[in-house]
Amino acid sequence: MLMKPVRDEFVVAGDLTLHYVKWGEQGAPIVGIHGLTANAFCFQAVADKLAVDYQFYAYDLRGRGDSDKPAEGYSVPLHAADLAKLIDELGLERPILVGHSLGALIALYFAAHYPEKLSRLVLIDAGAPLPWSTPEEQPAWLTASISRIGTSVPSFEEYTRRLKAAPFLGPYWNEYFDVYFEHDVRHNSDGSVASKCYREGILEEGLHYSAARPEEQWVNVQVPSLLLRAGQGLFADNDQLLSVEAAAAAHRGMKNCRYINFPALNHYTIIFGIEDGPAKEIRKFVEDV
């Protein structure tokens, strides 16, 4: 059963207004940081498993969802600074950070540069250098994700029909994908829909990826960390975001890091409740005192 957020509101963090949601009303705080073209509700499935005992927060990054969309200023260091301000404004005491994809790179950078502001770090299917160096070399599944931004689709039904055609989404579709994509779009007066993501910000993000420097952050992580890898390919057997070799390097690079591979899950299904394994491992990790 889907747990409804106990908060769905906005907070002023520096010069930005960020949209956030919160599930659960007791226990230690957890903050979820989503991926490149995502929104806060990608963490609904994980929150359903944890928010009985934890306060699970997730927010829309700048340029995404219902958060502010400045014309420019998109990079991992800037997102980390936003996160620091968000934590302060919400009054959170050393929360556990859970980052997926780009969110994992943000969480990793944050852990290295704001060590006093978190207690534990969870990286989901990212946290190492990308296996490509230019937009032209990026995998087809990422190009497809970005291509949906900035284009109107005649209806929400058509929008989701196109998404379900993807072999890494359609066969696994569940209620969590429904919730997530409902919050992904704005509805226009003519019935059409379009992603809320700010396309120019996403493209700028790609140009400034080098600022993340994940391999330089590993040694500066001072808190216990958990790295989860999605081993299943998306369009091909070898198009994962996080390769076995890159995951091993990140695991070695962080001095107190657990590493778990999920060979039957892909970059998306690892957080959308297809299997209980990821959420169980996160719970086990945060409960290990």
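The buried residues of helix 5 pack against helix 6 (175-182), strand 7 (185-187) and strand 8 (193-195), where contact means heavy atoms within 4.5 Å. Helix 5 covers residues 156-164, and its buried members are Phe156, Glu158, Tyr159, Thr160 and Leu163. Buried means under 20% relative accessible area, exposed over 50%, and partly exposed in between, with a 1.4 Å probe and protein chains only. Helices (H or I, at least four residues) and strands (E, at least two) are DSSP runs, numbered from the N terminus.

Please note that this is a predicted model, in which local features need pLDDT of at least 70 and side-chain atom pairs count only at pLDDT 80 or more, while totals for chains, interfaces and linings use all residues. Residues are numbered from 1 along each chain as its sequence is written, and side-chain values use heavy atoms, with hydrogens and water left out.

Eight strands form an open sheet of mixed pairing, in the order 1-2-4-3-5-6-9-10; two strands pair if DSSP finds at least two bridges between them. Strand 1 and strand 10 (257-262) stand at the edges with a single partner strand each, so one side of each is left without a neighbour in the sheet. From one strand to the next, the twist averages 20°.

Ala13 has Leu16 in strand 2 as its bridge partner. The hairpin of these strands has two residues between them, and Gly14 there takes a positive phi near 70°.

Helix 3 lies across strand 3, strand 5 and strand 6 (120-124), running at about 145° to strand 5. Axes are lines fitted to C-alpha atoms, for helices over the stretch in contact, and angles run from 0 to 180 degrees between N-to-C directions.

How do these two helices meet? The axes of helix 2 (residues 76-90) and helix 3 (residues 102-113) come within 9 Å and cross at roughly 70°. The two are therefore roughly perpendicular to each other; angles under 35 degrees count as roughly parallel, over 145 as roughly antiparallel, 65 to 115 as roughly perpendicular and the rest as oblique. Among the residues in contact are Leu83 and Ile87 in helix 2, and Tyr109 and Phe110 in helix 3.

Leu83 also leads us to the core. Leu83 touches Val31, Ile33, Tyr59, Leu97 and Phe110, not counting residues up to four places away in sequence. In the largest nonpolar core, of 102 residues, those touching the most other members are Trp23, Phe56, Tyr59, Leu83, Leu97, Leu121 and Ile282. Helix 3 gives the most to this core, with nine residues. Such a core is a set of buried Ala, Val, Leu, Ile, Met, Phe, Trp, Tyr and Cys residues joined through side-chain atoms within 4.5 Å.

Finally, I come to the backbone. Ser101, in the loop between strand 5 and helix 3, has a positive phi of about 60° although it is not a glycine. Ser101 is buried, at a relative accessible area of 12%.
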